[in-house]
Amino acid sequence: MTKKLILGSSSPYRRSLLERLNLTFECQSPDINETPLANENAIDLVKRLSISKAQQVRADRNEQNNLIIASDQVAVLDQEVLGKPHTRDKAIEQLTRFSQRKVTFLTGLCILDSSNGEYQYQLSEYHVFFRQLSQPEIESYVDLEQPLNCAGSFKCEGLGVALFSKMEGDDPNGLIGLPLIALCNMLREHGVNPLLAP
């Protein structure tokens, strides 16, 4: 029996990425507390949250035949975890700090089989090198693209690319929030091949 794919996210960016694989799926947003635990590092945080999101969707749907895809992402600068800015001032503050710096984006990816609760997990790491940014450029960018719900205060699939000097990593999709190369590998292990999908 073919398993139903569920994307455990309300993110339009992740939905758009998954649509590229030409697979049929549903979206469901998990309601979990994303506050970091005391002394929790970035790697542990994205792992815990991506797995928790998948487990919450499983509990909410209470169905036996789903493959649940969940992901979580943080930006890291000087070992500090940086989340979504949510406000214009915070976005400007983040981008000002990023000028001429390397920022690492960690994306946790989980696929959970609802029939038995077993999951696979993989961490994707991507590095963005920011060029020297002037204050007028930063403020103009934030006003133009309003990246207030994006980790790191930019949209690399849009005008945000003008902020960078270079990008480095295995899968640029991970920077947007869903590392598709790793996801395809994990889906194939569950018998789902986007190239052979019905």
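Good morning. I begin in strand 4, where leucine 82 is the bridge partner of alanine 75. Helices (H or I, at least four residues) and strands (E, at least two) are DSSP runs, numbered from the N terminus. The model is a predicted one, in which local features need pLDDT of at least 70 and side-chain atom pairs count only at pLDDT 80 or more, while totals for chains, interfaces and linings use all residues. Residues are numbered from 1 along each chain as its sequence is written, and side-chain values use heavy atoms, with hydrogens and water left out.

Let me turn to strand 3 and its partners. Two strands pair if DSSP finds at least two bridges between them. Strand 3 pairs with strand 4 in the antiparallel sense over 3 bridges. In their hairpin, with 2 residues between the strands, aspartate 78 has a positive phi near 55°. Strand 5 also runs antiparallel to strand 3, joined to it by 10 bridges; here alanine 70 has cysteine 110 as its bridge partner. With strand 1 (residues 4-7), the pairing is parallel, over 4 bridges, and leucine 5 stands opposite leucine 67.

How many of the residues of strand 3 are buried? The count is 12 of 12, where buried means under 20% relative accessible area, exposed over 50% and partly exposed in between, with a 1.4 Å probe and protein chains only.

Next, helix 3 (residues 88-98). Its buried residues are Ala91, Ile92, Gln94, Leu95 and Phe98. Seen down the helix axis, they fall within an arc of 160°, so they line one face of helix 3; the arc is that of the directions from the helix axis to the C-beta atoms. Among the elements covering them are strand 3 (66-77), strand 6 and helix 4, contact meaning heavy atoms within 4.5 Å.

Finally, the aromatic residues. The whole structure holds 5 aromatic pairs. Rings of Phe, Tyr and Trp (its six-membered ring) pair if their centres lie within 6.5 Å; planes under 30 degrees apart count as stacked, over 60 as edge-to-face and the rest as tilted. Phenylalanine 105 and phenylalanine 154 are edge-to-face, because their ring centres are 5.3 Å apart and their planes stand at 80°. Phenylalanine 105 lies in strand 5 and phenylalanine 154 in the loop between helix 4 and strand 7, so the pair ties together parts 49 residues apart in sequence. Phenylalanine 105 is buried, at 1% relative accessible area, as is phenylalanine 154, at 4%. Both belong to one aromatic cluster, formed by Phe98, Phe105, Phe130, Phe154 and Phe164. Thank you.
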